[in-house]
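Here is a short tour to follow with the model open on your screen.

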Amino acid sequence: MRDFSNDHSWMSINTATVRKAQGKEVPLLDILDACARHQIRAISPWRDQVAAAGLQAVSRAVRSHGLALSGYCRGGMFTAVDDEGLARARDDNRRAVDEACELNAACLVLVVGGLPGALEGKAGYHDLAHARGQVTEGIGQLLEYARERKMPIAIEPLHPMYAADRACINTLEQALDVCDLLDPAGTGDIGVAVDLYHVWWDPKLQAQIERAGKRRLLAFHVCDWLTPTTDLLNDRGMMGDGVIEIPKVRAWVESQGFSGYSEVEIFSSRWWSRDTDDILRTCVERHRTVV
Ligand code: ZN
């Protein structure tokens, strides 16, 4: 396993981690400047942050700072109640691939969607198996387009608590089943994003990481699971503050040959009340000591 104790060159910052500071939104270009100040050489930005700053402006800033993108967040949300909704999702996902190409991202991360409308509190239907079918079909269509553009796509299984409203793919096993169905040859054009927050509890985690192998392991996201967790979305822990055995899982991932970034992704109202430099300094320190 790589030794991260003396440098953080393999740490990436998912820009949601510093989306806010002292309770206020931080513009993406300011986040990029802050990452450069802390000698952070990779990021994973969110589409809404990129749209607010302007794709071309972000693209220029990424280049001028010499930043790499460990991923681009996110495509997905493939489910819909009608054909029009499915077509909208298809078109939007193609735009996400185009943006990821413009920013030279390592992969486009997919949060696949749950029951359509559930996020807004009004699920259009209740058939989770049907949602999973729509998701598989949507990913299959997107894979064809992403292949043309040479942009790998990474399915991120989400913790089962998000099955209704955010993602009906909830385990690494499920995600890999979809990969194997759509890409039996294992080309690496489609794979998984292993986010510890979502999968740390899974008794099959090690076995499924081994099943994934190097070609399907496209991204590795780190944070921690707090006890108690007080908010289902915005109470992720800083690495070292919770119960996840992070180095153990990193060892499993790296023993498959994964040699990419560990991407710090922390949605946390607690941390968003702090100052950007304080958050980034802590990420660097924890990355060296507990990741
Ligand atoms: Zn993630």
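## Glu265 and its neighbours

Leaving aside residues up to four places away in sequence, Glu265 touches Asn14, Thr17, Trp46, Glu156, Asp195, His221, Val222, Cys223 and Arg236 (contact means heavy atoms within 4.5 Å). Glu265 sits in the loop between strand S11 (262-264) and helix H10 (269-272); helices (H or I, at least four residues) and strands (E, at least two) are DSSP runs, numbered from the N terminus. Its relative accessibility is 3%, so Glu265 counts as buried (buried is under 20% relative accessible area, exposed over 50%, partly exposed in between, with a 1.4 Å probe and protein chains only).

A word on the source: this is a predicted model, where local features need pLDDT of at least 70 and side-chain atom pairs count only at pLDDT 80 or more, while totals for chains, interfaces and linings use all residues. Residues are numbered from 1 along each chain as its sequence is written, and side-chain values use heavy atoms, with hydrogens and water left out.

## The largest pocket

The largest pocket has a volume of about 500 Å³. A pocket here is an open set of points on a 1 Å grid over the protein atoms alone, with protein on both sides within 12 Å along at least five of seven lines, and lining residues have an atom within 4 Å of a point. Of the 22 lining residues, Trp46, Arg74, Arg166, Leu233 and Phe267 are the closest to the centre of the largest pocket.

Helix H2 (47-53), strand S6 (72-76) and strand S7 (108-111) are the elements that give two or more residues to this lining. By class, the lining of the largest pocket has 11 nonpolar, 2 polar and 9 charged residues (Ala, Val, Leu, Ile, Met, Phe, Trp, Tyr, Cys and Pro count as nonpolar, Asp, Glu, Lys and Arg as charged, and the others, Gly among them, as polar).

## Backbone details

Most residues other than glycine have a negative phi, and most peptide bonds are trans. Arg74, in strand S6, is joined to Cys73 by a cis peptide bond with omega about -10°. Another cis peptide bond, also with omega about -10°, joins Thr227 and Pro228. Pro228 is found in the loop between strand S10 (217-222) and helix H9 (246-255).

Gln39 is not a glycine, yet has a positive phi of about 50°. Gln39 is exposed, with a relative accessible area of 58%. Lys150 has a positive phi of about 60° although it is not a glycine, and Lys150 is exposed at 71% relative accessible area.

Key. 1 Å grid on protein atoms, 1.4 Å probe; cavity = no way out; pocket = protein on both sides within 12 Å on 5 of 7 lines; lining within 4 Å. Points joined across faces, edges and corners; volume = space filled by probe spheres on them.
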